[in-house]
Amino acid sequence: MTQKITQPILVLVDHESTPQGINLTTSSAQVITAARSLTTGGVDVVAFGELDTQTLGRLGVRRALQPQVPADRTRVSAVVADGVDCALSRDSYGALLLASTYRGREVASRIAALHDWGAVVDATAVEYVDETFVVDQSALAGSWSTRVSIVSGTPIIALRPSVYDAQDAQTPTQVEHVEIELSLSPEAARVEVISSGRHDEDGRVSLTEASTVVVGGRGVDGDFGLVEQLADVLGGAVGATRVATDEGWVPRTAQIGQTGVAISPNLYIGLGVSGAIHHTVGMQSSAHIVAVCDDPDAPIFEIADFGVVGDLNEVVPQAIEALSKAHQAQ
C-alpha cells in the first residue's frame, strides 16, 4: 500500500511566456503531480514572476509563494535558492521537490549545503516508505540503477523531467497567493545580470519535457528531414547523438547523452542511432524505446522494446504516411 507523508510538500515551479500568455512548464506540472501523490498535507509551490493560477488550481496546489525579486534575477540560481529557502521557512514542509534542470540541480545543491540536508538529483522515481523518502536514480554513467533513502533533514529531490505524467487533481483548488519579501544573501547580491535572452526555438516542445522524442544519429548521414517530419507527426521533440551535433547537422542543444541532456520521455524513437554508451546513459530511462537501424548488431537493440533492422529512408516514410492517415481519420 502506498504511504503518504502528512506534512505539506514544497515544489519549485517555472513558468514560460507563450503567445497564449504565461503558462506553467510541463516539467513543473509533472513535479506537482508527483508531490501530490506523496502527501496528504497539500502541495505548496514557490514561483517567480507571473503565475498560471488556473493550471496550479487544476493541479490541486494549496498555496503559491512568490518571492519579490526583479525578473532578470530569477535566472540566477543563488537568487532562486534564497527565495526557496525563504519559502521553506514559512511552514514545516516534509520535502522540497523540483525539476532536475540545470537550475534545479544548482538550487537543490545550494539548499542542501546551506542546511546540511540530504539531496538527490536526476531522480527517476520517489516513494514514501516507513517514514522515509526512497528515491530511484541511475548512477555511474547509467551503468547502475540505485535506490537511496534520504535520512538527513528535509529531503530535497530533483526529478528528471517526464518520469511522471502531469495529471489534474480530482478536486481543483482555489490557490492562495502569498507574496514574500526577500532579502538576498551576500552571495546572491554579488551577482549582476548584464544581459539575458532566450535561444531561438524551432517551435516544437522542449526536448527535456517532451513525452515523445525522435532522435537522429550517424545513420541519417546529415539529413534530419525524416527525423523532423516524424517528430512533427507525433507532436514530439527532435534530439541527436553526439556525432550528429559534432558534425554540425543540428544545434548542440539537441544532444542527448553523457555530455548532453538526459531525457525520460514516454516514447523514444532512434533513427540511425547505434546506441553507444555515451548516448544511452541519457535516454535509457525512457518508458518505451523504438529503434530503426540497418546494423542488426547495434547495441541500441539490446535496450529497445521494438526494433526494426532496415534502411531508415525506406522504413520511416512508411511510418509517417501511416501515422498521417491515422491522424486524418480521427
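## Notebook: loops, helix pairs and a ring pair

**Entry 1, two loop residues.** I started with Asp116, which I found in the loop between H4 and E7. A word on what I am looking at: this is a predicted model, in which local features need pLDDT of at least 70 and side-chain atom pairs count only at pLDDT 80 or more, while totals for chains, interfaces and linings use all residues. Residues are numbered from 1 along each chain as its sequence is written, and side-chain values use heavy atoms, with hydrogens and water left out. The element names are DSSP runs numbered from the N terminus: helices are H or I with at least four residues, strands are E with at least two.

Back to Asp116: its phi is positive, about 60°, although the residue is not a glycine. I noted that because most residues other than glycine have a negative phi. Asp116 is exposed, at a relative accessible area of 62%. For these labels, buried means under 20% relative accessible area, exposed over 50%, and partly exposed in between, with a 1.4 Å probe and protein chains only.

I then looked up Asp221, in the loop between strand E12 (212-216) and H6. Phi of Asp221 is near 55°, again a positive value in a residue other than glycine. Asp221 counts as exposed, with 65% relative accessibility.

**Entry 2, H3 against H4.** Two packed helices are described by the angle between their axes and the distance between the axes. I read off an angle of about 55° for helix H3 (residues 77-88) and helix H4 (residues 102-115), with the axes 9 Å apart. Axes here are lines fitted to C-alpha atoms, for helices over the stretch in contact, and angles run from 0 to 180 degrees between N-to-C directions. H3 and H4 are therefore oblique to each other; under 35 degrees would count as roughly parallel, over 145 as roughly antiparallel, 65 to 115 as roughly perpendicular, and the rest is oblique.

The crossing of H3 with H4 is right-handed, a label for a near helix turned clockwise from the far one by less than a right angle, with anticlockwise giving left-handed. On the H3 side, the contact is made by Ser77, Ala78, Val80, Ala81, Val84, Asp85 and Leu88. H4 brings Arg103, Glu106, Val107, Arg110, Ile111, Leu114 and His115. Contact means heavy atoms within 4.5 Å. I sorted the residues of this contact by class and got eight nonpolar, two polar and four charged. In that scheme Ala, Val, Leu, Ile, Met, Phe, Trp, Tyr, Cys and Pro are nonpolar, Asp, Glu, Lys and Arg are charged, and the others, Gly among them, are polar.

Helix H6 (residues 225-234) and helix H10 (residues 312-329) pack at about 20°, and their axes are 10 Å apart. That makes H6 roughly parallel to H10. Their crossing is left-handed. From H6 the contact takes Leu226, Gln229, Leu230, Val233 and Leu234. From H10 it takes Leu312, Asn313, Val316, Pro317, Ile320, Leu323, Ser324 and His327.

Ser100 sits in the loop between strand E6 (95-99) and H4. Ser100 is buried, with a relative accessible area of 5%. Setting aside neighbours within four places in sequence, I found Ser100 in contact with Arg105, Val121, Asp122, Ala158, Leu159, Arg160 and Pro161.

I searched for aromatic pairs and came away with one. The ring centres of Tyr128 and Phe133 are 4.9 Å apart and the planes stand at 55°, so the pair is tilted. The rule takes rings of Phe, Tyr and Trp (its six-membered ring) with centres within 6.5 Å, and calls planes under 30 degrees apart stacked, over 60 edge-to-face and the rest tilted. Both Tyr128 and Phe133 are buried.

Ala125 lies in strand E7 (residues 119-129) and is partly exposed at 22% relative accessible area. Its C-alpha is 8.1 Å from that of Tyr164, 39 residues apart along the chain. Beyond neighbours within four places in sequence, Ala125 is in contact with Val134, Val135, Asp136 and Tyr164.

Last, I checked Arg58 in helix H2 (residues 53-58). Arg58 counts as partly exposed at 35% relative accessibility.
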